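Trainee: I'm new to this one and would like a close look at a single part. Could you walk me through it once it's up on the screen?

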Amino acid sequence: MSDRKFCIPLVNAGCIGMMVLTTAIAITPVKPSCSATSGYQWQNVAIGGGGYVTGIYLHPLQQNLVYIRTDIGGFYRWNPANKTWIPLTERFPLAQSNYYGGEALALDPQNPNVVYIAAGKYTGSWAGLGTIFKSTNQGKTWTKLNIDLPMGGNENQRWASERLAVSPFNSNIIFFGSRTNGLWKSSDGGGKWQKVTSLTAKPQADIGIAAIVFDKKASGIVYANTYGDGIYQSTDNGLTWRKIAGSPSHVNRMTVVSNGIVYATHKAGVSKYKNGVWTNITPPNAQASFGAIAVNPSNPNQILVVYDQYQKNNSYPIFQSTNGGSSWQAKKRTLNSQVPWWPDWYFASATADIEFDPKTPGRVWLTDWYGTWQTDNINVESPIWSNYEQGHEEVVSFALVAPPSGSVLLSGLADVDGFHHHKGLKAYPCTQFGGNNGLRFQDTYSIDYSETNPLRMVRLGGNRWNNTYTGATSTDGGKTWNKFSSFPSNTIPLRVAISANSPSLFVVINSQSQPLRTTNGGASWTKVSGLPNGPQGPWYWGQPIAADKVNGNVFYYYSSGKLYRSNNGGASFSVVNSSLAYENWSTLKTVPGVSGEVWVSLNWNGLHRSTNGGQTFTKIPQVERAYLFAFGKPQTGSTIPALYLYGKITGLGEGVFRSLDNAKTWTSIGDSQIPIGNNPNVMEASRQQFGLVFIGTNGRGIYYGSP
């Protein structure tokens with residue numbers, strides 16, 4: 001860890017073959033930090049979790065040494081002093097964004113300083129291979145091990161796997177169960193890896209070897225969950241394997257307790273393996289299959305199991321047995337949420353993991369779709385569960401706006417709707433957009449405001465879970481919303497642009513269908529002529545449409561190398577320029593206070609500026625890569641908007657940059673310790689505060705930088 005200042009936001013929760021070790025590389029975890037080169041401070045907007053925590057790990061020797069892994073947000077270590085999570089994998093740049101996927105984590109049971117992570121979001125060849133990293137200082141720095149395999153931290157059964165394990169008897173013995181390439185073993189602490197060919201199981205192709213579990217009392221005994229093909233056992237540290245007859249085939253999680261008994265959760269319930277016999281010990285009248293399971297290390301008869309999916313109107317997702325599974329009691333729960341906008345049903349929704357604290361009797365940790373919970377006394381009738389999310393920011397962003405008046409920021413997000421950040425950037429929002437009884441979406445895909453009346457807004461979103469999509473308007477800067485009185489069914493609205501001076505007029509780009517226009521705030525709709533069908537959604541990150549910031553009748557649209565313009569309020573568009581490069585990853589924006597000025601970013605094809613309504617464009621010479629960009633408030637004494645870029649500048653390299661003279665000169669404002677590499681997908685700059693810029697990501701929340 002380098003010697004530098006760390007700036008920690010205080011969250012106010014109150015509201016109304018054979019492989020050889022590679023050269024070590026320093027991957028240093030960082031807290032929100034002050035850039036030594038630019039004077040810029042970068043940190044997360046306080047939202048509070050919002051992403052899948054797929055595993056929790058407590059070291060058996062050191063109290064309060066706790067780690068979590070997430071599906072798309074990397075890995076974290078618990079800071080018990082202030083009850084926050086320290087991100088451990090922030091140093092990966094955009095080129096290594098796949099490493100933000102948490103495929104697995106393993107502790108060395110004999111050494112509290114050693115931890116391993118298997119990092120990789122997706123197994124597809126387009127994503128690149130995943131890998132395993134080793135740390136000898138609790139995640140402060142990492143060494144990449146030369147084992148590169150497809151990994152899928154954000155793929156099927158990601159919540160049910162513990163693929164990486166270190167022997168409790170010999171720290172040099174490590175196993176990794178891959179999704180697509182079988183079982184791998186290291187006998188020298190990760191230095192060399194060899195594929196285990198003696199395990200001849202045939203697991204489900206996309207899940208593979210889902211878990212490896214060592215017997216903690218009998219040296220050499222290890223179990224492998226070959227998903228779809230049952231559980232295999234080795235008694236010689238993996239040299240030979242045999243399938244355990246009668247074992248459940250689709251095991252979610254399994255554990256071996258101190259008396260040698262194996263427990264497994266699966267689609268059909270819960271099973272127990274003792275003295276060579278499998279027994280069904282599923283809680284009676286269970287409503288769903290079980291996933292997470294924990295056995296008290298101090299009492300092997302105390303077992304907790306949790307449903308593997310959300311059960312509507314069910315206040316009893318956790319079951320406890322105190323007699324080794326002979327009988328069960330559904331546990332009540334009392335919730336003490338530290339994040340004010342979290343509804344109660346978030347608790348144990350799609351639970352991934354549950355673990356007893358080996359050093360604090362009665363304490364239990366639970367992770368689920370949105371975050372991490374802890375109770376200090378599982379043994380009472382109704383345990384009090386508190387969630388701890390500070391430092392764990394994992395939302396996926398679709399849209400950001402920072403209007404010239406009203407709230408400093410509004411965010412459109414996946415799964416948690418979005419927020420009006422009226423309490424500032426360091427405090428958790430009070431409610432989601434929909435509020436307690438308002439209009440809530442699963443996702444908000446786009447937000448825009450009218451330039452001459454910024455309190456007039458429109459937002460698009462919907463619910464993937466039931467395939468319903470629509471939008472809403474606001475007259476108070478996003479505090480309250482009114483649903484469109486009509487919107488076509490089976491249509492996913494992706495992006496919206498609102499007229500600069502007619503707030504009831506806006507144009508909507510739809511997924512794989514014709515764009516639409518309304519002149520009455522969504523009461524009725526007409527098809528826009530002259531534009532191609534919109535791109536496929538909802539997982540689309542481009543920003544292809546914008547309204548002129550002065551002329552309320554003018555709109556612009558970029559697609560496939562062509563710039564379209566409308567001069568009649570979006571009723572019809574025509575091509576005004578065909579000279580731009582074809583690029584799927586693109587952003588189009590107009591300049592505040594200037595009519596006819598349009599900028600388009602085209603990733604490695606650069607940044608382009610037009611001052612005549614798109615008729616001609618000039619490529620900015622220094623910009624080698626324009627991944628994202630945004631306009632913000634001018635510096636004092638200037639009328640030129642501050643221009644921010646996430647990309648690459650000749651002579652300055654890759655990072656985040658600012659120009660105060662219309663891209664003639666650039667200053668680096670990024671931080672090498674926080675490259676914001678987890679698939680940044682949207683950028684916005686404040687119109688109220690000079691220097692304030694936002695970058696939304698695909699799994700590490702929203703960052704903001706300020707001088």
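In which sense do strand β31 and β32 pair, and over how many bridges?

Mentor: Happy to, and keep in mind that this is a predicted model. Strand β31, residues 372-375, pairs with β32 in the antiparallel sense, and three bridges hold that pairing. To find your place in it, look for Trp373, which stands opposite Asn387 in β32.

Now turn to β32 itself, which covers residues 384-387. Strand β28, residues 334-336, is joined to β32 as well, again by three bridges, but these two strands run parallel.

While you're here, have a look at the loop between β29 (353-356) and β30 (364-367), where you'll find Thr360. Thr360 counts as buried because its relative accessibility is 17%, and the cut-off is under 20%. The side chain of Thr360 also makes a polar contact with the side chain of Gln63, at 3.3 Å.

One more stop is Tyr307, in strand β25, which spans residues 299-307. Tyr307 has a relative accessible area of 2%, so this residue is buried too. Its side chain reaches the backbone nitrogen of Gln287 at 2.8 Å.

How values were computed. Residues are numbered from 1 along each chain as its sequence is written. This is a predicted model: local features need pLDDT of at least 70, side-chain atom pairs count only at pLDDT 80 or more; totals for chains, interfaces and linings use all residues. Side-chain values use heavy atoms; hydrogens and water are left out. Helices (H or I, at least four residues) and strands (E, at least two) are DSSP runs, numbered from the N terminus. Buried means under 20% relative accessible area, exposed over 50%, partly exposed in between (1.4 Å probe, protein chains only). A polar contact is a pair of N or O atoms within 3.5 Å; within protein, one must be able to donate a hydrogen and the other to accept it, and residues adjacent in sequence count only if both atoms are side-chain atoms. Two strands pair if DSSP finds at least two bridges between them.
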